[in-house]
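Subject: Structure handover

Hi,

Here is the structure I promised you. Please open it and keep it beside this email as you read.

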Amino acid sequence: MFTIRHSPAFPGDGRGRGLQDNIPAAAPAPAGEPKPMAPSVGPEASGSTAPYGGAQPPVQGMTAGQHGEVLKPGFHITAPSGWMNDPNGLFQSQLGVFHIFYQWNPAAPLWSAPYWGHVASRDLVHWKRLPAAVMPDADYDADGAFSGSATVLADGTPVILYTGVSNVSRMGYYFQQQAMLMPTNASDPELQLWRKPHFNPIAVAPPVSGGNFAQFRDPSTCWREDGLWYTVIGVQDNCIGGAAMYSSPDMHAWTYVGQLASQLGINATAGLQCTAPPVAQPGNGACDQMGADCHTWECPDYFGMDYGVSVLKWSDQVRGRTPFAADWYMLSSADARANASNVAAGGAIGAFNASTAYYGLALSPQLIDFGSVYASKSFRTNDNRTIWMGWVFETSTGCSEQCSAGSPLTQAWGWQGVQTLPRVVTLDYDTPAMIMAPVAEIESLRMAQLFDAQGIALSGRDNTRVLTGGGAESRIGLSGTLRPAARGRYMVVTQATLYANHSNAGGATAVLDQRGNIPLPASGISVDGLSMRVFVDRSLIEVFALNGRGRMATPLLTQW
């Protein structure tokens, strides 16, 4: 028997409450750079009434561009127009202002040489759009500013390391180097202007054992130990995906330390058989960036928690796998520097060895989110919370993989991509597993309570229907195995699965059945009811089950 409890509802329209424009969507770009387009682009801009491959607009009298604006999330971070992907450079300044950057193509709703968009907030809820922080205008980032991370120095100055890519036309691949960003005016609370120091690109090279400049990107937030700075960078080393660790006395010149973690450690018992891709990938030798067994690790993130436990997160893409793109994490109680040095000397397999990483226990990588989330990033707030955010990529009909080539639908709308809500990260040390909950500040958006279903008892599965109009629906479910607790009104959950079934959602929602098993201690957990927090923000659903033990963010694009 399950009990559903409903919290006061969020407003149905968050537009204007969560995101404010600071500059027009079509603000002029520097000469020679792509110029942002108006929100309505594609066939609709020329007056077409059939932008969906011949279908009529979903609402009588509404253009495709207008419909796209109606479905654009309101209290999640989005770009003013065009394409959005990875969150980058997350940090909170000493003045208390939160800064989020993101990969952005202002010219069209498909992936292209990334700019960095920029938003700022004082409460993690109401965000102000600021001018683009990075433009691909240097020789080392002429083909785009890939992902990176922020580090706040002791004097309060933020420094960002990112990957600049270039030479695609000459080499046939994105030649990847690391570069630095610094604020032009560190006293500006909004940090609107950023500069690239004259010594860019910084001195750092791929692992000498078998790395290359085609798969060498996304430096993490730096940390300092014993007078040195450390960071990790996503690599493919002898075809094996990994998080390469580097040290530096000054953040300018970096020395390879070893592998903090790699697929060899994660798959220590199974072994790996790397195969060449069907079509050669320039710059990558015989390696396959998205191979089934061996593939690149992107966007590594490494941070410490209490009791000497650290978290390593990475992103990977595997063609033929469901999901194609995913974010993973592992926990470790090992010393990162010692283990990485052993790897460099040909010894152990990194601090995140799946068989021994967590106090000698065998662990497996865990999905961070069971939905459509990728390239996530964390940062530490001034009040010592660890905050995490990720990119929710498009999955509507007409999209493939992460919809980087766009679709007739996204082209008609003029935008795609959204960031998750900021989530607070804690650890359950018994399972062991990460727990994530939306930041408490989001409750400031609550308005009137629509209804109270407390006390309604249901038998069977706790199955929430999200009605989407026209009789269509998505089913967000939490199924599991329960047994009575030894005493009192509590139950013990010994197995739980969070899922979303969009097969009857209608409209342009892809027919997906996304699900994942929620990690629980072997003995189960005691609860007084199965709980799910469901945030519906127009075309996005974000779910937190069992107090954040299971998470899912998934698009929902309906025909009204």
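Predicted model: local features only at pLDDT ≥ 70, side-chain atom pairs only at ≥ 80, totals over all residues.

Residues are numbered from 1 along each chain as its sequence is written, and side-chain values use heavy atoms, with hydrogens and water left out.

**Disulfides**

The whole structure holds three disulfides. A disulfide here is a pair of cysteine sulfur atoms within 2.5 Å. Counting bonded cysteines along the chain, the pattern is 1-3, 2-4, 5-6.

Take Cys-239 and Cys-287. Their sulfur atoms are 2.1 Å apart. The S-S torsion is about -80°, so this disulfide is left-handed. Cys-239 sits in the loop between β13 (228-237) and β14 (240-248), and Cys-287 in the loop between α3 (263-266) and β16 (298-304), so the pair ties together parts 48 residues apart in sequence. Helices (H or I, at least four residues) and strands (E, at least two) are DSSP runs, numbered from the N terminus. Both Cys-239 and Cys-287 are buried. Buried means under 20% relative accessible area, exposed over 50%, and partly exposed in between (1.4 Å probe, protein chains only).

Next come Cys-274 and Cys-294, joined S to S at 2.0 Å. This link is left-handed, with -85° about the S-S bond. Cys-274 and Cys-294 each lie in the loop between α3 and β16, so the pair ties together parts 20 residues apart in sequence. Cys-274 is partly exposed at 34%. Cys-294 is buried at 6%.

Cys-399 and Cys-403 also pair, with sulfur atoms 2.0 Å apart. The torsion is about -60°, so this disulfide is left-handed. Cys-403 is buried at 1%.

**Two further cysteines**

Cys-222 is buried, at 7% relative accessible area. Cys-299 is buried too, at 2%.

**Cavities**

How many cavities of 30 Å³ or more are there? The count is four. On a 1 Å grid over the protein atoms alone, a cavity is a set of points where a 1.4 Å probe fits but cannot get out; lining residues have an atom within 4 Å of a point. The largest cavity has a volume of about 90 Å³. Its lining includes Pro-73, Phe-393, Glu-394, Trp-415 and Ser-539. The lining residues divide into eight nonpolar, two polar and one charged. Nonpolar covers Ala, Val, Leu, Ile, Met, Phe, Trp, Tyr, Cys and Pro; charged covers Asp, Glu, Lys and Arg; the others, Gly among them, are polar.

Best wishes

Technical notes:
1 Å grid on protein atoms, 1.4 Å probe; cavity = no way out; pocket = protein on both sides within 12 Å on 5 of 7 lines; lining within 4 Å. Points joined across faces, edges and corners; volume = space filled by probe spheres on them.
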